[in-house]
Amino acid sequence: GDGRPALNLDDYDLTTVIDLAASSRPGRVLYLAGISERFRRGIEAETARWHEPRFTRFDGAVGKTVKHTTGEIMSPTRIEQYATCPFAYFISQVLKIEPLEEPERIEQMNPLERGSLVHRILYSAYTACFRPQEAVSAERLVAALREAADAEFRTQISTGPALTWAIERQQIARDLVAYVELDTKERDGLGARPAMFEARFGMPPRGDAEDRASTEKPLELRVGRRVLLFKGKIDRVDEIGKTDARVIDYKTGSADRDRYRDDAFLGGRALQLPIYILAAQMLQPNRNVTEAAYVFPSERGGFKTVGFSREVLDKRMDDLKRIITTV
């Protein structure tokens, strides 16, 4: 527009668009739709959103063009996501759009990486200690935890500043030592012993750590004439005494009261624990799975436990099926 030569085709298009948008012929900008797929989709989205007197696929109304979940093997968190925000589900699960990371702004490990790291440390420490017929003291478990943490820290690549990563390592180790001591005291009181770790169901192996009881067989839940199939990976199953068992699922975020409540479905936003009770029962048919619990092994999570009891699930099974059917 100012007479200077364009650096490249993108620069030429950009200056042309700026000039045309400010001129009396802005409609001529649409020539870009013929040569740029991204520009064409943007125009299509704007037109559908602001010039159509009905909801379109750009508003989340996908009609019959998207395959429904019936017959698929689903994770309970997928249903939770839809119940929480259908539009967010549409963006991530249907359009497959992911947030754009800007590495220069990363100051510390993202929540997913931190969660995976904590899970790996706990898996290594607990599997190293808990073998059949062996007593495990809190001191021994803490020593195994420190060893597992050191090993993971050595291989973990941090994208943030070195000082921040050093502080994070120290915080993670301190939190997990405190959690192990609390966990040991609680298990001793219940007569519980960890027996399964990272037990996969309903999906093929992914090459990461898992329990020998893992299976590709999905959990089947009959709802009317339909059979819904579920998949997942259970962090830990404790055997209690000679007859019972419970599920432990680690959560590395904060124990937000709006997301985590005892014995609550929260309108479909909290289905993982009841589904995992049923899945653990499938994996442990000779035991009675009495509960499943979210455990927060960090100061940020307050070292809290949020549970769902088998007794409540049995009484509210129809509610669970109704929620899943509605979603």
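Does Phe-130 count as buried or exposed? Phe-130 counts as buried, because its relative accessibility is 9% (buried: under 20% relative accessible area; exposed: over 50%; partly exposed: in between; 1.4 Å probe, protein chains only). The model shown in these views is predicted, with local features requiring pLDDT of at least 70 and side-chain atom pairs pLDDT 80 or more, while totals for chains, interfaces and linings use all residues. Numbering starts from 1 along each chain, and side-chain values use heavy atoms, without hydrogens or water.

**View 1. The whole chain is made up of helices and strands.**
The secondary structure comprises 10 helices and eight strands (DSSP runs, helices H or I of at least four residues and strands E of at least two, numbered from the N terminus). The radius of gyration of the chain is 25 Å, well over the 20 Å that the globule rule gives for 327 residues, so the chain is more spread out than a compact globule (C-alpha atoms; rule: 2.2 Å times the number of residues to the power 0.38). Along the principal axes, the C-alpha atoms of the chain fill a box of roughly 80 × 55 × 35 Å. Of the 327 residues, 38% count as buried. When contacts (heavy atoms within 4.5 Å) between residues at least 6 apart in sequence are considered, 65% of them join residues at least 24 apart.

**View 2. Tyr-126 and Phe-130 form a stacked ring pair.**
The whole structure contains 10 aromatic pairs (Phe, Tyr or Trp rings, six-membered for Trp, with centres within 6.5 Å; stacked under 30 degrees between planes, edge-to-face over 60, otherwise tilted). One of these is the stacked pair of Tyr-126 and Phe-130, whose centres lie 5.6 Å apart, with 15 degrees between the planes. Tyr-126 counts as buried, with a relative accessibility of 0%. Phe-130 is likewise buried, at 9%. The ring pairs extend to Phe-197, which is linked with Tyr-126 and Phe-130 in a cluster.

Phe-201 belongs to strand β2 and Tyr-276 to helix α8 (residues 272-283), so the pair ties together parts that are 75 residues apart in sequence. Phe-201 counts as buried because its relative accessibility is 0%. Tyr-276 also counts as buried, at 5%.

**View 3. Arg-200 is a buried residue of strand β2.**
Arg-200 is placed in strand β2, which covers residues 192-201. Because its relative accessible area is 5%, Arg-200 is buried. Beyond its neighbours within four places in sequence, the contacts of Arg-200 are with Pro-205, Glu-210, Ser-214, Thr-215, Glu-216, Gly-232 and Lys-233.

The structure has 19 salt bridges (a side-chain nitrogen of Lys or Arg within 4 Å of a carboxyl oxygen of Asp or Glu). In one of them, Lys-251 meets Asp-249 at 3.5 Å from N to O. Lys-251 is buried, as its relative accessible area is 18%, and Asp-249 counts as buried at 4%. In another, Glu-311 and Lys-315 meet at 3.6 Å from N to O. These two residues are four residues apart in helix α9 (residues 310-315), and are therefore separated by about one helical turn.

**View 4. Shared partners join six residues into a network of salt bridges.**
Asp-183, Glu-186, Arg-187, Arg-236, Asp-238 and Arg-246 are joined into one network, through salt bridges that share partners. Within the view, Arg-246 forms a salt bridge with Asp-238, and the closest N and O atoms are 3.0 Å apart.
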